[in-house]
Amino acid sequence: MRAEKMGLDPEKLRELLARQAQQQDEPAQPEAAGPGPGEPAERLDEPFHFDVKPEELENYLNQYVIRQYEAKGILATKICTHFNRLNLPDDDADDDVGSIKNNVLMIGPTGVGKTYLIKLIARELGVPFVKGDATKFSETGYVGGDVEDLVRELVREAGGDIARAQHGIIYIDEIDKIASSRNASGPDVSRSGVQRNLLKLMEETEVDLKSPHDLASQMEAMMQMQRTGKIEKQKINTRDILFIVSGAFSGLDDIVARRLNKGAIGFQLRTQPEDAEGGTKETDEKEELFRQVRAEDLMEYGFESEFVGRLPVVAVLSPLIEEDLLEILRSPKSSVVRAKKRDFRAYGIELDFEDEALQIFAARAIEEQTGARALVSVVEKALLKFEKSLPSAPVTSFTVTGDVLRDPASHLRSLLSQASFHHFIATFRDSHGTTLHFTPEAQTLVQGMADQRGTAPEQVCQELFADYGHGLKLLEQPDFTITQEIAERPQEALNSLIKDFYSKRES
């Protein structure tokens, strides 16, 4: 109970105590034996080598991310340069500029692919990658998170390999949320403190792998002190870790516009034609303003000058228009379409999409105004009921068409009905050797009966035509059509057919 009040998981505490008891029974190991149980393995003897070229990385990104050509070029170039520069020997470094890294500031609205781009880059380069949200950090770390936790998480992502973690990427989203408030009440000390803490990481500092605020780490340190008489601290240096931050920066365009308009009378933005890429004049102007952002604009926005100075590379991402969203869906590497196909394939159902359906999804997503994120939302909303009902029905394939999206309820009902009929027909053929056919009028009648009973057409057919298996064998008919008249009075119709059949044979 006391451990819970301290914030330490009782299971974790028992594990630590058991580990301590085990280690006390083991013979002491010499210091050269390496890290103790549970401690990350530090493989600093493995040389770092990187040989990816900017155009190679850019071509890879083009396979997955539409548009954003300028941003992809900037990211591919500066990230490749950062890692290739690490291949240089230490004596090649310039004392004046060697510590300046290509840390990147990404500006763009939500849903344009900022996080996706960095994940793709980290995956292609094979470097450890962690993502953090700037809104979760606080100056002290007691409330919210500690910025140094990102570095510790990077080591975990690297499998405990400190050397590999020191060549990783830390990506921080919503960085604009830690800009100091621009009001008359004075500077925002808390947000400025987070900026200063991040600044230390972006420059060069050593981070203790055991957080001073983590009770589990404190317990392990105490156990180590009891065993060896001293506490060994493992640290990770942030000198070669690449930091990439991003945000929507709402209102920054106004700051840039004021600066530009102060400079000359009659200033006019260099905007693209209104229909150059299907965008609007307003979005083109905003994007152009972001492309002309300077350090002074970011400082007025609420960032410390030193913090801005450690982000020398700026990449601006364009808002997505309807045609962009459609291209994302049409792409063979579309994660939205592929993920939804996997969802249905998990139930043995092959899902397909007609192009008209993709166009409708794109049109609905653009109304959400959340970029590519809206694609997942609109697809889920449209197909949720199908995903719920079809796995329980004898359905092996399903094609999403424009008509399906315009009237999903009736199409779902029709699909379930057809599947139920087809399953009954297949089962009947396998059991009795006769293939049944239903006229449209007969199907409508059976479906109506099923709706009244709250069951599937297959169950109604099993009741109505329970004797037809043996009866049709007597009639020696490999194919038989169920009409509306037969469906209305199945037993009378079967008796009449058998009677007529034997009457003809006797005559």
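**Charge, burial and salt bridges**

Analyst: On the surface, a patch of negative charge brings together Asp51, Glu55, Glu56 and Glu124. Keep in mind that this is a predicted model.

User: Why is Glu55 called exposed?

Analyst: Exposed means over 50% relative accessible area. Glu55 has 60%, so Glu55 is exposed. Glu55 sits in helix H3, residues 54–64.

User: Are Cys80 and Cys461 buried or exposed?

Analyst: The cut-off for buried is under 20%. Cys80 is at 1% relative accessibility, so Cys80 is buried. Cys461 is at 0%, so Cys461 is buried too.

User: How many salt bridges does the structure hold?

Analyst: The structure holds 23 salt bridges. Side chains of opposite charge can pair when their charged atoms come close.

User: Why is the contact of Lys340 and Asp343 called a salt bridge?

Analyst: The test is a Lys or Arg side-chain nitrogen within 4 Å of a carboxyl oxygen of Asp or Glu. Lys340 and Asp343 have an N to O distance of 3.0 Å, so the pair passes. Both lie in helix H15, residues 335–345, and because they are three residues apart, about one helical turn separates them.

User: Which labels do Lys340 and Asp343 get for accessibility?

Analyst: Lys340 is at 2%, under the 20% cut-off, so Lys340 is buried. Asp343 is at 29%, between 20% and 50%, so Asp343 is partly exposed.

User: How do you know that Lys340 and Glu387 form a salt bridge?

Analyst: Their N to O distance is 2.9 Å. The limit is 4 Å, so this pair qualifies. The pair links distant parts of the chain, 47 residues apart: Lys340 is in helix H15 and Glu387 in helix H17, residues 373–389. Lys340, Asp343, Glu380 and Glu387 are linked in a network of salt bridges.

User: What makes Glu492 and Arg489 a salt bridge, and which accessibility labels do they get?

Analyst: At 3.6 Å, N to O, the pair is within 4 Å, so it counts. Glu492, at 53%, is over 50% and therefore exposed. Arg489, at 44%, falls between the cut-offs and is therefore partly exposed.

Terms used. Residues numbered from 1 in each chain as written. Predicted model: local features only at pLDDT ≥ 70, side-chain atom pairs only at ≥ 80, totals over all residues. Heavy atoms only, no water. Patch = residues over 30% accessible without salt bridge, like charges linked within 9 Å, V, L, I, M, F, W, Y side chains within 5 Å. Areas by Shrake-Rupley, 256 points an atom, 1.4 Å probe, with all protein chains shown as cover. Lys, Arg positive; Asp, Glu negative; His and termini not counted. Charge placed at Lys NZ, Arg CZ, Asp CG, Glu CD. Helix = DSSP H or I, 4+ residues; strand = E, 2+ residues; numbered from the N terminus. Buried < 20%, exposed > 50% of the residue type's maximum accessible area, 1.4 Å probe, protein only.
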